[in-house]
Amino acid sequence: MSDAVKEKEPQITILQAINAALADAMEEDEKVVVLGEDVADPEEGGVVGVTKGLSTRFGEKRVRSTPISEQAIIGAAIGASLVGYKPVAEIMLMNFTTVAMDMIVNHAAKLRFMSGGQTNVPIVIRTMTGTGFGSGGQHCDYLEAWFAHTAGMKVVAPSNTADAYGLMRAAIKDPDPVLYIENLPSYWAPGPVPEPGSTVPLGKARITKDGSDISIISYSRTLNEALGAVEAMNSQGVSAEIIDLRTVSPWDKETVIKSVAKTGRCLIVHEAVTQFGVGAEIAATVSKELFGSLKKPVERLGAPYAPVPFSKPLESAFAPDAKRIAEAAISLCK
Amino acid sequence: MTTNYTPDAKTQLDMYRRAALLKANDEKSRKVIKSGRLIMPYYSYRGQEIIPSALCSNLNDDDYLVTIYRGIHDMLAKGMPLKDLWAEIAGRVDGTCKGKGGPMHLTYPKKGIMVTTGIVGSSMPVATGIAWGAQMDGGGRVSVATFGDGASNIGAFHESLNLASIWKLPVIFLCQNNLYAEHTTYEKGTAVDRIADRAAAYRMPGVRVNGNDPIEMYAAAREAVERARAGEGPTLIEAMTFRFHGHVFGDADAYMDKEQKKAAMENDPVPQLRKRLINDGLATEEQLSHIEKEIEDDIEAAVAFALNSPFPEVSELTTDVYGEGARA
Ligand SMILES: Cc1ncc(C[n+]2csc(CCOP(=O)(O)OP(=O)(O)O)c2C)c(N)n1
Ligand SMILES: [Mg+2]
């Protein structure tokens with residue numbers, strides 16, 4: 001049998017990986033419950049179907065569709081978590097977390113600290129976002145910096161099936177609140193089937209591709225754009241090391257610093273607005289730690305300081321893509 | 001004083017003109033999207049046309065409207081020009097927002113269309129604030145927030161009604177109850193049988209009407225507008241209606257009750273109004289056909305205009321973030 005007809009490795013999508021992680025976690029631990037708008041099967045298991053099948057399998061007591069009430073959704077998750085449950089709350093789109101910011105920032109993130117460690121809030125907040133569908137100014141912001149800036153919150157943003165599964169399993173097991181960011185256009189991206197029960201530790205980055213000239217740090221969709229830039233960079237003789245942060249906060253300083261110490265150049269890429277973004281924190285840290293040994297100032301590539309525009313050409317120019325990543329990396333290596 | 005709120009023949013014809021425009025525009029929109037000529041998230045309002053048509057027959061150009069993603073019917077009824085609308089949803093520079101807002105954020109202050117929000121529940125606080133401004137101005141202008149049944153379960157609804165009531169603001173909370181909030185049925189998501197009943201908790205009149213009945217809807221809107229103009233405060237109107245299509249274009253609506261949907265579509269309110277106008281001798285077939293032909297031509301012209309309008313320059317990406325002289 002030739003290689004071409006060899007069985008292809010089985011694949012699943014990121015959406016299926018998240019679904020599998022939720023199902024496996026619910027199977028393993030009856031304290032895991034799911035709530036959010038339209039998440040149960042009579043409502044089609046979520047607007048894009050991430051929770052499809054869960055209410056049929058585990059019952060509508062554990063998988064509850066809610067009214068449009070984001071404050072109450074997060075509040076209910078917090079409350080249930082205080083008395084022993086492990087809620088996974090869905091906020092349909094990241095922009096709708098703004099309606100529940102009090103619950104997230106003033107309560108979920110802080111209760112452990114303010115109670116002197118007597119209570120804790122082991123919830124996961126799943127939310128999706130991302131440009132690319134012409135949904136305009138209120139439906140596709142990347143707001144991870146807001147949450148990363150809030151002491152007590154953890155923030156993860158997987159870019160592939162294995163991490164989507166493993167980070168979800170780890171986030172559910174984690175004793176503190178975790179915001180889990182899903183990228184809408186990436187849901188249907190296929191990848192290897194994750195090992196059932198596997199976890200990806202929070203706070204650990206992954207070197208997706210080795211390289212020697214520049215370290216590119218990213219997460220979520222733009223990580224895959226960086227991988228898409230490899231060929232263009234290679235053609236210009238630029239060897240990039242690409243690091244998937246996976247957990248935005250607390251971030252893996254050690255892996256990042258070690259890589260930049262080796263390459264001497266650093267480019268941080270995210271879809272969020274550059275100004276006051278996650279890249280600023282990483283850039284400041286890298287610049288301080290490696291001051292003097294950097295070959296070029298640390299560079300950031302994100303969205304311009306503007307809301308997401310509707311018009312297609314403007315939307316396409318908004319978030320970093322493979323082409324712009326390659327250009328930025330090549331210019332840093334000149 | 002009791003007033004007769006039955007619309008006269010001229011007003012009924014005016015309502016029909018608006019409703020026919022909305023219906024035709026929705027049909028065209030879905031056709032254009034289906035053909036791939038435009039790509040956008042589209043929230044069909046087909047079936048809900050009578051509500052804003054009757055409302056806007058009671059409003060002046062300088063009255064205010066705050067609407068939602070499912071709100072193109074509201075805007076057209078309020079007087080948004082077709083060309084500006086179509087150019088905006090096509091993302092072109094001639095759109096009402098230079099193509100930057102898109103179908104969920106159309107804005108046209110010249111006709112009082114102040115905000116279109118994509119956030120469920122957020123039309124109400126803003127319309128309340130506009131009403132506060134109108135109250136301070138003292139010109140008798142009215143502010144209307146439209147929203148869906150699902151939106152009455154969010155905190156902003158309750159906060160807005162309470163504030164508007166204690167400040168006696170000239171605002172109308174117009175709930176278009178189409179029995180679904182995305183995929184969730186009204187009963188599953190809402191604790192009360194009638195959203196109108198919630199008004200009692202905020203000491204304002206709350207009425208439930210058949211929003212598809214032009215006479216009933218007109219009378220309810222008229223009463224609320226007069227109350228507001230007279231400084232007597234806010235009103236909650238729950239207008240019962242039905243959404244003929246899924247939540248968003250492309251939604252297969254498997255969660256919708258087929259019988260219920262079929263029955264609603266058989267009672268299509270726009271052709272019903274048409275039939276009644278003719279039967280009651282308020283209009284002739286020729287008259288209405290003429291109106292419909294005009295509407296069709298206007299829509300065709302608007303679509304052609306939109307598709308020939310240029311896209312905005314990429315430099316538009318960073319303009320309008322701040323006002324002049326204060327750019328980041
Ligand atoms: C705060 C917030 N939560 C969730 C959504 C997602 N969403 C958009 S429309 C919708 C349903 C709204 O239903 P309803 O208020 O009845 O209005 P309709 O769409 O039926 O006109 C939902 C949940 C949103 N836009 N904003
Ligand atoms: Mg509704």
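Analyst: First, a convention. Helices (H or I, at least four residues) and strands (E, at least two) are DSSP runs, numbered from the N terminus. This is a predicted model, where local features need pLDDT of at least 70, side-chain atom pairs count only at pLDDT 80 or more, and totals for chains, interfaces and linings use all residues. Residues are numbered from 1 along each chain as its sequence is written, chains are lettered from A and ligands numbered from 1 in the order in which they are written, and side-chain values use heavy atoms, with hydrogens and water left out.

User: OK. How many cavities of 30 Å³ or more are there?

Analyst: Three. A cavity is a set of points on a 1 Å grid over the protein atoms alone where a 1.4 Å probe fits but cannot get out; lining residues have an atom within 4 Å of a point. Grid points are joined across faces, edges and corners, and a volume is the space filled by probe spheres set on the points.

User: Which residues lie closest to the centre of the largest cavity?

Analyst: A:Ile14, A:Pro158, A:Glu182, A:Asn183 and A:Ser186, out of 14 lining residues. The largest cavity holds about 80 Å³.

User: And which elements supply its lining?

Analyst: H1, strand E7 (178-183) and helix H8 (221-228) of chain A each give at least two residues to the largest cavity. E7(A) contributes the most, three residues. By class, that lining has six nonpolar, six polar and two charged residues. Here Ala, Val, Leu, Ile, Met, Phe, Trp, Tyr, Cys and Pro count as nonpolar, Asp, Glu, Lys and Arg as charged, and the others, Gly among them, as polar.

User: Where does the largest cavity sit relative to the domains?

Analyst: Between them: domain 1 (8-192) and domain 2 (206-333) of chain A both give residues to its lining, so the cavity lies between the two. Those bounds come from an automatic or database domain assignment. The domain centres, taken over C-alpha atoms, are 26 Å apart. Their contact (heavy atoms within 4.5 Å) takes 26 residues from domain 1 of chain A and 25 from domain 2 of chain A.

User: What lines the second largest cavity?

Analyst: Residues of chains A and B, including A:Pro67, A:Ile68, B:Asp149, B:Tyr186 and B:Thr190. Strand E6 (184-185) and helix H7 (186-189) of chain B each supply at least two lining residues. About 60 Å³ of space lies in there.

User: Now the largest nonpolar core. How many residues?

Analyst: 81, and the ones with the most contacts inside it are A:Ile18, A:Ile74, A:Ile282 and A:Val286. Helix H1 (residues 14-28) of chain A gives the most, nine residues. Both domains of chain A give residues to this core, so it lies between them. A nonpolar core is a set of buried Ala, Val, Leu, Ile, Met, Phe, Trp, Tyr and Cys residues joined through side-chain atoms within 4.5 Å. Buried means under 20% relative accessible area, exposed over 50%, partly exposed in between (1.4 Å probe, protein chains only).

User: What does A:Ile18 touch?

Analyst: Beyond four places away in sequence, A:Ile18 touches A:Val50, A:Arg126, A:Ala164, A:Met168, A:Tyr180, A:Glu182 and A:Tyr187. There is also a second, separate core of 60 residues, which includes B:Leu13, B:Ala77, B:Val144 and B:Ala221.

User: Staying in chain B, how many residues of helix H4 are buried?

Analyst: Six of the eight in H4 (residues 82-89). Among them are B:Leu82, B:Leu85 and B:Trp86. The buried residues pack against helix H1 (9-34), helix H3 (72-78) and helix H11 (285-308) of chain B. After H4(B) comes B:Gly91, with a positive phi near 70°.

User: Last one. Is A:Asp38 buried or exposed?

Analyst: Buried, because its relative accessibility is 2%. A:Asp38 is in the loop between strand E2 (32-37) and helix H2 (54-58) of chain A. Its contacts beyond four places in sequence include A:Ser65, A:Met92, B:Glu182 and B:His183.

Terms used:
On a 1 Å grid over the protein atoms alone, a cavity is a set of points where a 1.4 Å probe fits but cannot get out, and a pocket is an open set with protein on both sides within 12 Å along at least five of seven lines; lining residues have an atom within 4 Å of a point.
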